[in-house]
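Here are my notes on one strand and its neighbours, plus one annotated span. Please read them with the structure open.

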Amino acid sequence: MNEFKPVQFVDVALEGQFWRERLETVLTRTIPSQHVQLGKHGILQSLTLPNPPPLSSPRNQHNFVQMFWDSDAGKWIEAASYALSHRPEADIEARIEKIVDDLENAQAPDGYLNCWYLQREPDKRWTNLRDNHELYNLGHLLEGGIAYFLATGRRRLLDILERYVDHVRKTFGPNPGQKHGYCGHQEIELALVKLYRLTGEKKHLDLAAYFINERGRQPHYFDQEAAARGERPRDCWAKRYEYNQSHRPVREQTKVVGHAVRAMYMFSAMADLAAELNDDSLKKACEVLWADVMTSKIYITSGLGPAAANEGFTEGHDLPNDTAYAETCASVALIFWAHRMLHLDLDGRYADVMEQALFNGALTGLSRDGEHYFYSNPLDSDGRHSRWAWHICPCCTMNSSRLIASVGGYFVSASEDAIAFHLYGGISTNIRLATGNVFLRETSAYPSFGSIRIEVSPDAPAEFTVKLRIPGWAHEAEASVGGYPVDVTACTRNGYLSISRLWNAGDTIALELPMSPERIYAHPSVKQDIGRVALKRGPLVYCVEEVDNPGGRVQRLKLPRDARIETVERGDLFDGVVTLTASAQRVEDQGWGDSLYRNAPPIASDCRLTALPYYLWNNRAKGSMQVWLLES
Ligand SMILES: [Zn+2]
């Protein structure tokens with residue numbers, strides 16, 4: 001366990017152009033428009049008891065989704081509260097207060113508060129934890145209530161939810177008469193840890209630990225619960241308990257399996273509990289699972305879970321590109337997990353993955369206009385894949401907004417005598433060390449360029465350490481303090497360059513992270529990527545899109561092994577972006593005729609290939625896209 005704690009997003013000012021633009025878009029467009037969509041789709045009305053909105057159709061699929069609507073309201077409150085932390089807005093606050101009114105009105109006298117069950121099936125509470133997300137819903141509401149309290153000091157929602165948590169604590173636990181269960185969709189555990197950190201009340205941490213420790217034990221709770229419903233356990237629609245990671249106790253799990261978002265939320269909670277309880281067995285389990293994901297189950301974009309059938313994982317090295325599910329929520333949740341692992345061990349490997357997931361897996365989920373969303377994130381599209389204005393299961397939409405609205409919280413951590421920078425992109429913050437306050441301003445055009453300046457200004461001269469992450473992709477990084485070079489190789493350990501000295505106001509660190517375009521190849525066991533190459537520059541994965549490469553589907557492009565990859569600054573695109581170009585070839589069908597097969601290969605014509613960062617694709621015209629290019 002390490003001594004570093006994250007600096008909270010409210011204490012970090014985003015000053016760089018890249019994140020200012022994303023944050024402004026989320027604050028001014030995404031969060032307000034999400035509230036409109038929640039109203040348009042009946043989600044806000046579903047909280048207004050006793051008048052349930054009509055059931056959606058077709059019944060079987062959409063009714064199922066409707067059971068999760070409390071969570072969507074909770075996630076919106078969380079994102080909207082982060083917006084309020086950035087700047088008060090009476091309209092947003094009034095919208096949250098209306099939801100709080102509805103929840104207060106809906107809450108049962110015993111504290112129970114699940115709008116679906118209260119309206120539709122009041123006698124069936126807690127009868128199907130495996131499928132019906134009651135505790136998951138509470139988790140997201142609770143995260144929303146905590147964020148709202150922190151933003152405004154208003155605690156009515158928090159009080160409502162603490163009453164509900166008390167009810168849950170009476171209902172679940174090891175004692176006779178209590179249910180020995182846990183939620184099929186992990187999430188409540190994360191929220192309870194947050195509640196513990198807010199209140200200091202250990203009972204919340206204990207309940208989170210109970211849910212994690214109970215998971216997967218025999219006799220299996222979901223078997224007993226199914227039998228009590230008069231069902232055969234094996235009739236579970238997901239067929240296997242791997243789906244929700246309850247196939248064995250969490251400390252015995254060595255391979256990541258099942259639904260990707262559930263897995264990432266659970267691993268995040270395990271890392272939280274490992275930190276809070278100093279539990280080495282949970283930390284070890286996280287490390288083993290981390291290794292499994294990173295060595296065989298993560299896309300280059302940090303998408304997770306190739307299969308739509310279980311919204312999750314299959315075997316190792318099974319990473320199809322065109323059918324990749326890679327749910328946006330899973331990449332967002334990977335950021336949560338990586339951030340927590342980073343605070344168990346300050347190791348740049350975790351920050352590398354956090355950054356990779358942020359720029360490539362998560363940002364892709366939200367359109368440039370801030371009002372369209374990817375649920376799945378393929379790495380190869382024939383042009384039919386496009387962002388939605390809304391999704392019948394809108395989980396990803398508010399995972400994007402709550403992440404971006406709080407992204408400042410991922411940049412810096414501090415201990416008593418050290419400051420660690422994980423991400424760059426233009427921030428300022430004040431950090432209180434044992435020696436006093438330090439003002440820091442990091443200035444850069446990251447992720448487009450790797451020249452970084454950091455002003456370190458203690459209120460009074462003081463000795464402490466500044467640690468700078470040297471990303472795994474950065475070869476031959478250079479650094480200096482006040483113009484005097486620092487030996488980066490000698491002073492870097494576990495991915496962080498440490499500079500310990502007596503700091504004076506106005507001292508400046510210069511860090512140069514070279515960002516040459518790189519060719520990346522996949523392990524030969526990834527059959528879909530054999531003979532293919534991906535392009536990367538700095539933290540950004542690139543793709544080719546038809547709008548930049550006219551002449552038909554981009555799947556016909558071939559990049560010669562020896563072609564020089566050049567960078568081009570395009571001030572005209574998306575407020576400025578660096579594209580990559582290279583001489584390439586396009587396979588033609590000219591003169592081929594009608595026959596499906598023939599002896600002679602097709603001709604290939606010379607062309608110029610243009611690639612842009614993957615997170616920006618599908619923001620201009622519809623068209624084909626590819627990350628892994630044929631290499632000739
Ligand atoms: Zn999702």
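1. Two strands count as paired if DSSP finds at least two bridges between them. On that rule β17 and strand β22 (residues 625-626) pair in the antiparallel sense, over two bridges. M625 in β22 is the bridge partner of E545. Keep in mind that this is a predicted model.

2. Is β17 enclosed or open? Strand β17 covers residues 540-545, and six of its six residues are buried, so the strand is largely enclosed by the rest of the structure. Buried here means under 20% relative accessible area.

3. Look at the side chains next. In a regular strand they alternate between the two faces of the sheet. From β17, L540, Y542 and V544 point one way. V541, C543 and E545 point the other way. All of these are buried, E545 included.

4. Strand β16 (residues 532-537) runs antiparallel to β17, and two bridges join them. K536 stands opposite V541 of β17. The two strands form a hairpin with two residues between them. In that turn, G538 has a positive phi of about 60°.

5. β17 also pairs with strand β21 (residues 604-613). Three bridges join these strands, which run antiparallel. Y542 has P613 in β21 as its bridge partner.

6. Now the annotation. An unreviewed UniProt entry lists residues 419-515 as "domain: Non-reducing end beta-L-arabinofuranosidase-like GH127 middle". In the model, that span is 60% strand and 4% helix. Its end C-alpha atoms lie 25 Å apart.

Key. Residues numbered from 1 in each chain as written. Predicted model: local features only at pLDDT ≥ 70, side-chain atom pairs only at ≥ 80, totals over all residues. Heavy atoms only, no water. UniProt positions renumbered as here; feature names shortened; annotations may be inferred. Buried < 20%, exposed > 50% of the residue type's maximum accessible area, 1.4 Å probe, protein only.
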